[in-house]
Amino acid sequence: MVCIVGLVENLQQGDVRYENTIEGLKGIVRNPGWRQLFAGLSINYMKMRICFRFIKFSTFDIVSTYEMSALKLVNNRESVSAYCVSALPESFICHTQYRSTYQWHISTSFKTKDLCGPDTTHDILLKRLELALKNHEVKEAWEVFNDFKRLYGFPVVSVVSKLITELSYSSDQSWLHKACSLALRIAKEKPELQQHNILTRVCLSLSRAQMPIHTSKILRFMLRKHSMPPMDVLLSVMMHMVKTEVGIYLASNILIEICECFHQLSAKKSDLAATVKPGTMIFNLVLNGCVRTRSSLKGVRIIESMAKVGVAADVHSIILFACIYEMNNQRDELKRFKDHVQQVSGPLVLHYRQFYESLLSLHFKFDDLDAACILVADIYKCRESYLTQGNKDWTKSFLVPIGSYYQREGLKIQIMPTLLQKESVLHVEDTRELVLFEKEKLFLSNKALAQFLIRCKRGGRIGELSKLLIEIQRELDSLEYDNLCTNVIDSCIRVGWLEMAHDIVDDMEFTGAPIHPSTYMLLLRAYCKEGMPREARALVNQMKRAGFLSNISNEIVVSQCFSEIANEGSLKIDGRLEKTELAECLIREMKEEHSMPAVVYELNSALYFFCKANMIDDALKTYRRMQAMNIQPSVQTYAYLIEVYSSLEMHRQITILWGDIKRYMEHGYLVACRDLYELLLVNFIRGGYFERVLEVVNYMEEQDMYVDKWTYKNEFFKYHRNLYRSLTASDAKDEVQRQRVEHVKAFRKWLRSG
């Protein structure tokens with residue numbers, strides 16, 4: 001437009017002056033004619049475009065040298081870097097005054113050298129950005145960077161790297177968020193500027209700042225490019241991520257994705273497979289997080305992934321396996337490790353205390369006293385192996401089957417029971433209730449002994465208990481444990497189990513085990529207190545056969561005992577307390593005993609076996625049997641059924657199970673966990689049941705559970721990328737299809753919301 005005005009001014013003659021461009025055009029048409037107007041159209045158009053761009057650039061260049069804030073006034077202006085000003089003739093550089101209908105004058109002039117010299121806006125902004133980064137002025141650097149990018153795009157790689165590094169060193173999460181967004185944006189829009197170390201640095205900074213969601217974005221982007229951080233850096237990232245519940249959830253999902261990526265690369269025989277293969281310590285960190293958050297189903301998936309990748313399990317891994325199998329009540333899985341753990345000797349016995357704890361707890365849940373007695377005997381034998389260490393191969397490994405034991409192609413995990421990594425940063429938070437370790441020895445706690453006494457009395461298996469106590473007594477080599485049998489008998493007497501105490505005394509006499517005289521006297525006084533003279537006389541005869549009370553008649557002993565009880569009114573011998581610690585623990589366990597029937601665990605165990613073997617008919621029979629027996633299915637019950645249906649792609653049957661799960665939850669009989677919801681979501685997405693997907697999402701959001709949308713977004717794109725993309729609800733054939741379209745669109749909207 002300015003150049004047209006110049007053309008109009010050249011046509012002015014004498015005192016004639018045109019007020020505006022329209023009048024000038026009319027004058028051209030009247031005098032030279034239409035031909036003259038079109039003859040100069042091309043060159044006039046070029047002058048107009050170039051002059052207008054140069055006027056804007058010159059104005060901006062002058063203003064920017066005085067005040068940086070003036071840059072914000074030229075936002076969204078076009079770049080002029082594509083024009084080579086030095087090639088233009090001097091006539092193209094226009095200097096004019098233009099008066100609009102509002103009488104607004106714009107006057108500017110510049111020389112060609114000003115555009116290509118060292119003081120251009122490009123150089124000024126770049127220098128200010130480098131200076132701000134040098135002085136660690138993050139806010140100033142970010143503002144200058146945004147101004148530079150609006151005009152010229154991204155700076156050179158070195159400057160971008162310095163900016164992201166400076167942002168990642170900040171302790172402010174807002175700047176770390178900007179560093180994450182900038183790094184991902186550059187990696188997607190400008191791959192030539194992408195640097196592996198930049199993403200690694202940002203990922204580590206985000207994890208240290210406890211920002212697991214942003215950390216997962218960086219890790220997943222790097223995994224997609226098959227360019228993971230070094231294993232030591234990834235270990236550090238995972239160590240920070242598993243400090244929070246959300247971080248544990250994301251770290252477990254990412255670890256499974258890494259294992260899947262490893263399988264894909266291995267199948268292609270790619271050299272990159274070795275760079276993404278996680279190590280044992282990474283698996284241990286994630287497994288420990290699953291134990292802390294009670295995410296037992298996810299823990300089993302991690303164990304299976306560990307077996308598929310071929311990573312060897314060390315001492316900490318086996319302990320974590322024990323914790324996870326205990327939470328899932330998978331006793332058969334844990335028993336397969338017992339033979340290898342028993343071979344461990346020396347100081348490593350201390351670390352396997354939790355293994356024995358978990359296995360003994362499962363024996364109690366299944367009410368398997370025979371297996372429990374064998375395990376306890378093995379625990380007390382460990383003290384011998386602790387003192388007699390042999391020359392063993394500390395690097396020897398074994399293969400242990402997991403899943404269905406009778407499957408030909410079942411998974412097998414490699415374990416090294418004697419491998420304890422010294423540089424491990426893992427701290428397993430174990431429980432200390434049944435098995436204790438003190439003075440380089442494993443032994444049962446009072447709670448474990450109380451559990452034994454309760455179950456033996458309930459099952460009428462006093463003989464097995466006596467046999468176990470006598471065997472333990474023989475294994476003990478310290479005087480502090482010489483009173484174990486006496487302590488058990490005394491505790492039974494204190495809680496009123498006189499018949500059980502007498503049976504243990506008889507068994508000990510039969511095997512020739514020594515019995516303390518005070519034990520006889522305590523039982524005798526208990527008989528007298530309860531008014532049981534016949535039993536008292538029989539006990540006096542036993543005492544005489546044992547060499548006590550040889551010169552006193554039975555009647556004198558019994559009558560004297562009755563008179564003492566009448567005078568004292570209490571059971572107190574040799575100054576001992578009324579109740580021992582074991583007796584108090586026994587009373588407490590009897591009050592708190594409300595465990596599930598053993599048949600529940602047995603049916604779940606059978607169901608797990610059938611599901612792993614894909615024996616769907618037997619699995620359904622077991623499930624219907626549980627319903628017929630009014631046995632409440634557990635989370636594991638539904639998880640096993642969902643997995644077998646999923647393996648057979650029977651997603652419709654999973655919707656029926658979801659109905660049962662909702663009904664039990666509404667009545668308060670079942671509390672679903674995140675792992676179960678995740679299984680349901682993945683299978684509903686695969687089957688295309690998006691109404692059910694939205695229901696599960698609603699349940700999770702009501703319980704304030706974080707949902708990893710990345711996982712479900714990938715599943716959706718994998719199976720339904722173009723589903724109803726061009727179809728609207730108004731174009732649906734019937735009401736069913738219309739609702740389905742609405743549900744799919746609602747799911748897409750939910751994915752975009754995060």
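A search of the whole structure finds zero disulfides (cysteine sulfur pairs within 2.5 Å). This is a predicted model, where local features need pLDDT of at least 70 and side-chain atom pairs count only at pLDDT 80 or more, while totals for chains, interfaces and linings use all residues. Residues are numbered from 1 along each chain as its sequence is written, and side-chain values use heavy atoms, leaving out hydrogens and water.

Me: Is C456 buried or exposed?

Reply: Buried means under 20% relative accessible area, exposed over 50%, and partly exposed in between, using a 1.4 Å probe and protein chains only. C456 is buried because its relative accessibility is 1%.

Me: Where is S634, and what does its side chain join?

Reply: A polar contact is a pair of N or O atoms within 3.5 Å; within protein, one must be able to donate a hydrogen and the other to accept it, and residues adjacent in sequence count only if both atoms are side-chain atoms. S634 sits in the loop between α32 (616–628) and α33 (635–647); helices here are DSSP runs of H or I, at least four residues, numbered from the N terminus. Its side chain makes a polar contact of 3.0 Å with the side chain of N604. At 15% relative accessibility, S634 is buried too.

Conventions:
Helix = DSSP H or I, 4+ residues; strand = E, 2+ residues; numbered from the N terminus.
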